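Biologist: Please take me through this model one question at a time, and spell out the cut-off behind each term when it first comes up.

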Amino acid sequence: SMSDRPLRWGVVSTANIGRWAVNPAIQASSNGELVAVASRTASGAKAFAATAGIPRSYGSYEALLAQEDIDAVYIPLPNSMHRKWTIRAAEHGKHVLCEKPLALTAEQGEDMARACAAHDRILMPGFMFRFHTSHIRVKEMIDSGALGQVVSARAQLCFWYPETPDAWRQVRQMGGGGCLMDVGSHCLDLLCYLLGDVTSVAAMQDTAVFDYEVEDIIHVLVKFA
């Protein structure tokens with residue numbers, strides 16, 4: 001059965017987040033095996049696989065999804081491509097770990113969830129902060145009442161993001177938004193994990209530094225139930 005052997009993973013794209021973080025984590029895990037990578041070109045996939053110690057490579061995403069011995073896929077594509085390839089993966093019977101944010105809109109995310117449910121596959125967004133032991137401990141402390149009633153919480157995530165030719169996150173059509181979609185989503189997901197349901201939201205955004213089509217700074221005020 002699947003529980004007796006490692007989960008066999010394919011990674012759909014040669015994105016840096018996979019290269020630096022997720023792919024090595026799958027390789028280092030006790031219950032996962034990274035067996036294949038796909039790119040838009042066979043040569044790109046082959047070079048990436050050789051460098052990363054991944055046994056097989058494919059010159060299209062569809063070719064990887066067609067492999068019957070792959071159980072699950074990790075999708076670190078640009079946000080605008082998450083819906084299409086998550087649904088295709090589900091149709092091929094793969095479980096999906098999809099990079100955050102799950103989609104460009106809630107409606108797209110619901111489409112993805114429905115497709116995975118219809119094929120009895122697990123869909124998960126890449127919000128890893130829920131799995132950090134310190135955050136799990138904080139949740140236990142809140143839930144047990146050890147901290148008393150929580151009345152205020154704050155999360156912040158910032159980094160320097162210069163303009164580069166392949167920076168799709170600055171293009172609204174591909175990323176869906178700027179820093180809120182990219183890193184603010186982590187803050188919101190962690191706070192929801194710790195504190196529960198959101199009842200109202202207000203936000204102020206700006207392009208403070210760069211001349212992007214999307215915000216490069218945002219402040220979000222969230223009220224929890």
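## Strands and crossovers

Biologist: Which residue in β5 is the bridge partner of Ala72?

Modeller: Strands (E, at least two residues) and helices (H or I, at least four) are DSSP runs numbered from the N terminus, and two strands pair if DSSP finds at least two bridges between them. Strand β4 (residues 72-75) meets strand β5 (residues 95-98) in the parallel sense over four bridges. Within β5, the residue bridged to Ala72 is His95.

Biologist: What kind of model is this, and what pLDDT do local features need?

Modeller: Residues are numbered from 1 along each chain as its sequence is written, and side-chain values use heavy atoms, with hydrogens and water left out. Totals for chains, interfaces and linings use all residues and side-chain atom pairs count only at pLDDT 80 or more, whereas, this being a predicted model, local features need pLDDT of at least 70.

Biologist: Which residue of β6 is the bridge partner of Cys98?

Modeller: β5 runs parallel to strand β6 (residues 123-125), and three bridges join them. With helix α5 (residues 106-118), these two strands make a right-handed β-α-β unit. The bridge partner of Cys98 in β6 is Pro125.

Biologist: Which residue of β4 does Gly10 stand opposite?

Modeller: β4 also pairs with β1, in the parallel sense, over three bridges. Gly10 stands opposite a β4 residue, namely Val73.

## Packing

Biologist: Are the residues on the two faces of β4 buried or exposed?

Modeller: In a regular strand the side chains alternate between the two faces of the sheet. Buried means under 20% relative accessible area and exposed over 50%, with partly exposed in between (1.4 Å probe, protein chains only). Ala72 and Tyr74 on one side of β4, and Val73 and Ile75 on the other, are all buried.

Biologist: Which residues does Val96 touch, not counting residues up to four places away in sequence?

Modeller: Contact means heavy atoms within 4.5 Å. By that criterion, and with those neighbours left out, Val96 touches Val73, Ile75, Thr86, Ala89, Cys116, Ile122, Leu123 and Met124.

Biologist: What is the angle between the planes of the aromatic pair formed by Tyr61 and Trp85?

Modeller: Rings of Phe, Tyr and Trp (its six-membered ring) pair if their centres lie within 6.5 Å, and planes under 30 degrees apart count as stacked, over 60 as edge-to-face and the rest as tilted. The structure holds one such pair. Tyr61 in helix α3 and Trp85 in helix α4 are 24 residues apart, and both are buried. Their pair is edge-to-face, with 5.2 Å from centre to centre and, between the planes, 85 degrees.

Biologist: Which residue's side chain makes a polar contact of 2.7 Å with that of Asp189?

Modeller: Asp189 lies in helix α8 (residues 179-195) and is buried, with a relative accessible area of 14%. A polar contact is a pair of N or O atoms within 3.5 Å; within protein, one must be able to donate a hydrogen and the other to accept it, and residues adjacent in sequence count only if both atoms are side-chain atoms. The side chain that joins Asp189 at 2.7 Å is that of Arg130.

## Backbone exceptions

Biologist: What is the omega of the cis peptide bond joining Lys100 and Pro101?

Modeller: Most residues other than glycine have a negative phi, and most peptide bonds are trans. Pro101 is found in the loop between β5 and α5. The bond joining Lys100 to Pro101 is cis, and its omega is about -15 degrees.

Biologist: Is Ser13, which has a positive phi, buried or exposed?

Modeller: Ser13, in the loop between β1 (7-12) and α1 (16-28), has a phi of about 120 degrees although it is not a glycine. Because its relative accessibility is 7%, Ser13 counts as buried.

Terms used
Right-handed = clockwise from strand over helix to strand, strands pointing away.
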